[in-house]
Each structure stands twice: as C-alpha cells, then as structure tokens.
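Visitor: I would like a close look at one part of this protein, and then at what surrounds that part. Please keep to what the model itself shows.

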Amino acid sequence: MILSTIATTAADHIRFTDLGLNDTIFRIGWFSLKWYSIAYIAGIVIGWWYLLKLVAQPGSPMARRHADDLIFYATLGIILGGRIGYVVFYQPAMLLNPLQILRLWDGGMSFHGGVIGTSVGLILFARAQGLQWLRVHDYVACATPFGLFFGRLANFVNGELYGKPSNAPWAIIFPRTGDDVARHPSQLYEAGLEGLVLFAVLWFCFWRTKMRYDPGKLVGIFVAGYGIARFTVEFFREPDEQLREFAAVTGLHMGQWLCVPMILGGAYLIATAKARRQRIEPVAGAESVA
C-alpha cells in the first residue's frame, strides 16, 4: 500500500536520470576512469594536505617526514582492509572464488574494514618510527572525513546504496532499483553527516580546544561520531540486497551492527583520554606542550 502510494506520486519527484550524472568520467578503449576512483584519490590527497597543517602545530606526535611516509601505510590499509572487510561482512560467497576478490574495479569496499586495515597500518608505522600510535591516530582521524565525504558523493553519482521509499520533496527515483519508486538520497545524508558535520566537530576540537593533548580523544570522537551518524542514516537506507534477510531477522542492518562496537569503543577512548594525558614532547620543535 505504501509503495503503491509513493509510486503514484513518483512523477512529482526527481529522476536520477535527469541529473545527467555518469559514474564514468571518460573511456579510452579498455581503460575507463570512474568518479569512484577520483573520490578515493581526492580523499587521500586532500586528507594528506590537511594532515600537514595539523602536524605543523605545536605538540605534534610526528614530523613532516613521518606524515609523508604515513600516507603509504594508510592507503594500503584502506584498500586491503576495505576490500577484505567487504568480502567478510557483505560478500562471504567471494571466498569460494578468490580471484573475484582481486577485481577491485568491480566495486565493493567496506568502511569498517578500511578502519581496521588503516589502524593496523598506523600501529605498525608508529612502532617502526618510535611514535605514539594513539596520538598519530588522533591526527589522522581529523583528516579522514574528507575521504568519507567524497566517497559518499561517488556513491550518489553511481546511483548505488540508495535509500528507502520516501515522499519527501527531495526524494529521487534511482534506476538501479528497477521500480518507479522515489527514495531517500541516503548517500547525501551520509556525505553531510559523516563528511561535513564530523569534519566540523573535529575541526573545532583540534583548533579551538586542547583535546589533541589527550591521547585517544580525537580518534574516539571520530569513531563514535561516525558510528552514530552511520547507525542513524541506515534507518533511511535500504540494506544490501544479499543481506536483506539478515536485516529482517536481526532488526538492524549489517552496517548498524558494525557501528555498535565503534560507538562503544569511541565512548571508551573519550572517557579515558584524560587519564592518558602527559607532558607532550613534540617530534619537531624544542618547546614542550603541557
């Protein structure tokens, strides 16, 4: 009944095909450049640029040379963790065909897996360089929303990860659904919350407070903030097709279940950060920062 009502009013909503969006920027023979690839590159490059701004401030846990090398570890963690996480959490059937896992160009990345992969990479890097890994995480967390913002915009351009049926004036009819039902542009909701809002919160915490001297507080705010934003938006988003039965049985989407430990872990890092505070001896510079 609800779907039929929304379908009858579909003519009043935006059609995705009328937006003139294409997931491919250009194609030359067998090679094609997609917006999703550009989103990853933009997130990494702009995130690195912003990280250098943070590292230049007093009390930084690393020097410029560390930030430059850190990008390699972070990028490797994003790609490997994101892909492995997608297979384990969303497409375990791929384990029966390992070669399919290597087909990154077919899409399929998990943010939760990317977080795990990046964290492992940062810990290995910090230990190899003799740095405080938790404070390194704090700084990287502040630069991460760029990638989330561009990634969600790419999801929207691809017309994927769309929302549930809606009669909202801004609802969009996505061709991938195979129906004529207007839906929430949940990709844009996530771009706003996970990207813009989370960046603004972390920007204030870093530049207008002394939270960066409490090891783990900034990364705790990021992890908990992302978890809350993603958990909330999932109520407006359709579950992945292969996990709809899982969502129906458990009452929550896979993405929401994965956000629960993020929210709890982030809250723990925030609550215990004050106890970890110590006199900071910056890697670059002579002045100690209390």
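Visitor: Take Arg83: is Arg83 buried or exposed, and what is its relative accessible area?

Guide: The model is predicted, and what follows should be read with that in mind. Arg83 has a relative accessible area of 4%. The limit for a buried residue is 20%, and Arg83 is under that limit, so Arg83 counts as buried. Arg83 sits in helix α3. In sequence Arg83 is 15 residues from Asp68, while the C-alpha atoms of the two are 24 Å apart in space.

Phe72, Tyr73, Leu76, Leu80, Ile84, Val88, Ile116, Val120 and Leu124 make up a nonpolar surface patch, and together they have about 860 Å² of accessible area. Two elements, α3 (64–89) and α5 (111–129), each give two or more residues to this patch. The largest share comes from α3, with 6 residues. On the α5 side, Leu124 is a member of the patch and belongs to helix α5. Its relative accessibility is 53%; the limit for exposed is 50%, so Leu124 is classed as exposed.

Some individual residues show how the interior is put together. Phe222, setting aside neighbours within four places in sequence, is in contact with Phe111, Ala141, Thr144, Pro145, Leu148, Leu198 and Leu202. Leu218 lies in helix α9, which covers residues 217–233. With a relative accessibility of 0%, Leu218 counts as buried. Beyond its neighbours within four places, Leu218 is in contact with Asp138, Ala141, Cys142, Leu202, Cys205, Phe206, Met211 and Arg212. Leu148 is 70 residues from Leu218 in sequence, and their C-alpha atoms are 17 Å apart. His137 is placed in helix α6 and, at 9% relative accessibility, is also buried. Not counting residues up to four places away, His137 touches Ser119, Leu122, Ile123 and Val219.

Charged pairs are the next item. The chain has 14 salt bridges. One of them joins Arg152 and Glu194, whose closest N and O atoms are 3.1 Å apart. Arg152 is in helix α7 and Glu194 in helix α8, so this pair ties together parts that are 42 residues apart in sequence. Both partners, Arg152 and Glu194, are buried. Another salt bridge joins Glu234 and Arg237, with 3.5 Å between the closest N and O atoms, and Glu234 and Arg237 are both buried as well. These two pairs belong to one network of salt bridges that links Arg152, Glu190, Glu194, Arg230, Glu234 and Arg237.

A further salt bridge is formed by Glu160 and Arg176, with the closest N and O atoms 3.8 Å apart. Glu160 is in the loop between α7 and β4, Arg176 is in the loop between β4 and β5 (182–183), and the pair, 16 residues apart, links distant parts of the chain. The loop between α7 (145–158) and β4 (172–173) also holds Leu161. Leu161 is not a glycine, yet its phi is positive, at about 55°. Its relative accessibility of 26% places Leu161 among the partly exposed residues.

Last comes the chain as a whole. Its secondary structure amounts to 11 helices and 5 strands. For 290 residues, a compact globule would have a radius of gyration near 19 Å, and the 21 Å of this chain agrees with that. The C-alpha trace spans about 70 × 45 × 35 Å along its principal axes. Of the 290 residues, 45% count as buried. Among contacts with a separation of 6 or more, 68% are between residues 24 or more positions apart. The chain exposes about 14,800 Å², of which carbon and sulfur atoms supply 67%.

Note on methods
Residues are numbered from 1 along each chain as its sequence is written. This is a predicted model: local features need pLDDT of at least 70, side-chain atom pairs count only at pLDDT 80 or more; totals for chains, interfaces and linings use all residues. Side-chain values use heavy atoms; hydrogens and water are left out. Patches are made of residues with over 30% relative accessible area and no salt bridge: like charges are joined within 9 Å, nonpolar side chains (Val, Leu, Ile, Met, Phe, Trp, Tyr) within 5 Å. Accessible areas come from the Shrake-Rupley method with a 1.4 Å probe; for residues, only the protein chains shown count as cover. A salt bridge is a side-chain nitrogen of Lys or Arg within 4 Å of a carboxyl oxygen of Asp or Glu. Helices (H or I, at least four residues) and strands (E, at least two) are DSSP runs, numbered from the N terminus. Buried means under 20% relative accessible area, exposed over 50%, partly exposed in between (1.4 Å probe, protein chains only). The radius of gyration is taken over C-alpha atoms; the globule rule is 2.2 Å times the number of residues to the power 0.38. Contact means heavy atoms within 4.5 Å.
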